[in-house]
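The notes follow in the order in which I looked.

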Amino acid sequence: MTPLESARSLLNASIIEYRGEPVGTVAAMDPSGLVADNYQDCFVRDFAASALVFLSQGETAIVRNFLTVVMELHQRRHAAEGHRLNRGVMPASFRVVHEKGKETIRADFGDRAIGRVTPVDSILWWLLLLDLYRSSSGDAELSAGDDFQCTIREILEMLMGEGFEEFPTLLVPDGAFMIDRRMGVYGHPLEVQILFYGALSAVDDLLLDTPENQLIRELAVKRRQSLRSYIRMYYWLDLSRLNEIHRFNNEEFGHDSVNVFNVYPESIPDWLEEWLPGDCGYLVGNIGPGRMDFRFFAAGNLLAVLFGVVYRQQAEHIIGLYEARWDELVGAAPLKICYPALEGKEWRLLTGSDPKNVAWSYHNGGSWPALLYSLVGAALSVNRRDLAGRALQQAEVALARDNWPEYYDGRSGRLIGRRANLCQVWSAAGYLYAHHVYHKGQLKKSESGNWALQERQEN
Ligand code: GLC
């Protein structure tokens, strides 16, 4: 079997049906049968990779059904006692259960998840997928339906309601996205902010231009603009910005302060100066009062390129960093989820001594094939076909041979993850979509400014 055939057959085998219709894909199908209970669910974020593959092949029904099922599940959610229901929350995952001869769907809103983490990114992925479904399938009716319009408004009202801060970013708890464990990623993690930007862009297309929607649409446009300026200004790091931070003054009060978050230069980690090439840059992992997380997180940076959050030159510098630091950021099996790993005391304090997240494993500097398509897409979008091809080729060799592991361990990603599932569906789907994008076209901006596949003209 070729890698393509093997990935395709895994994806097909992973499809979940409800009432005889395909509605999603399970997270993993480990042949040992030892797959952890929660991986039998369809995760919203994992399904995004499957959806990209299905849509690119004209198989739109499964995506449509998924979007509808997730929306219906969100309508059935109950608030915890003593809470007023936030109507815009989406489940992290769901599964079809058969009980007493009846078929039902059971959702997890973080109330069953390990560590009881809140899946903020599900809300954003749902909006992004709805937009992608609309533009790929040409079906504008689904999102125009009353129930979808109402859900989109509920989401926006929740996301844009006033919190305790005045920043345009979203304040979230630890583990609110792909890194769904304690990893010091609370506050304003980059990935969530970039998904938020993408979701706000999607809303432009999705919300009908009606008097009822007018105010919320205007707010979404303003929030998107201020979020983008904020990310470009405060999350961006290159050598010249590092020099500024290195010489920052502290304890500045008032509107004219330069070091607005009161970041102490002493917090710049030792590895950074040597590691950051002069002509490259990236978006840092997190910003908040007295805090800049200098770690490099792949998904946030690559999606920022794909969604046009960063300037073109910044996008080139991010991909340039991949080229310059290929061994550390791509390694043997694409792609490092973050760099560098937390070690020693930092690992103990920030992960809560989590053995799954020891240095250079899993979320803590492990390598995730599911991220491959975002690197391939981002590299192509700045005309670096050479790098896209290189990543794809490396993945092709490793992933099919190793039976689509969830993640790899080690500084260079040469070891199959100690506790990783095999037959992890988004590893296969991520590869399939990367392959499709590389051979069939480019990821270009859609009307909303988010990614869309533009078929290559054969000549
Ligand atoms: C792990 C990952 C999460 C993923 C889930 C299912 O919990 O951290 O991102 O959605 O597995 O694959």
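Which helices each supply at least two residues of the lining of the largest cavity? I am working from a predicted model, and in it I find that α2 (44-56), α11 (298-306) and α15 (372-381) each do so. I noted that the largest share, 3 residues, comes from α2.

Cavities. I searched the whole structure and found 4 cavities of 30 Å³ or more, and for the largest cavity I wrote down a volume of about 150 Å³. Of the 13 residues that line the largest cavity, W125, A370, L371, Y373 and W426 are the closest to its centre. When I sorted this lining by class, I got 10 nonpolar, 1 polar and 2 charged residues.

Ligand site. I then turned to the ligand, which sits in the second largest pocket. I listed its surroundings as A27, Y39, F43, R45, D46, M178, D180, Y362, H363, E406, Q424 and W426, a shell that divides into 6 nonpolar, 2 polar and 4 charged residues.

I looked up what faces the oxygen atoms of the ligand: a backbone N or O atom of M178 lies 2.7 Å from one oxygen atom, a polar side-chain atom of R45 lies 2.9 Å from an oxygen atom, and an N or O atom in the side chain of Q424 is 2.9 Å from an oxygen atom. Taken alone the ligand exposes 310 Å², and I recorded that the protein buries 98% of that.

Notes. Residues are numbered from 1 along each chain as its sequence is written. This is a predicted model: local features need pLDDT of at least 70, side-chain atom pairs count only at pLDDT 80 or more; totals for chains, interfaces and linings use all residues. Side-chain values use heavy atoms; hydrogens and water are left out. A residue is near a molecule or strand if one of its heavy atoms lies within 4 Å of it. A polar contact is a pair of N or O atoms within 3.5 Å; within protein, one must be able to donate a hydrogen and the other to accept it, and residues adjacent in sequence count only if both atoms are side-chain atoms. Accessible areas come from the Shrake-Rupley method with a 1.4 Å probe; for residues, only the protein chains shown count as cover. On a 1 Å grid over the protein atoms alone, a cavity is a set of points where a 1.4 Å probe fits but cannot get out, and a pocket is an open set with protein on both sides within 12 Å along at least five of seven lines; lining residues have an atom within 4 Å of a point. A molecule sits in a cavity or pocket if more than half of its atoms lie within 2 Å of its grid points. Ala, Val, Leu, Ile, Met, Phe, Trp, Tyr, Cys and Pro count as nonpolar, Asp, Glu, Lys and Arg as charged, and the others, Gly among them, as polar. Grid points are joined across faces, edges and corners, and a volume is the space filled by probe spheres set on the points. Helices (H or I, at least four residues) and strands (E, at least two) are DSSP runs, numbered from the N terminus.
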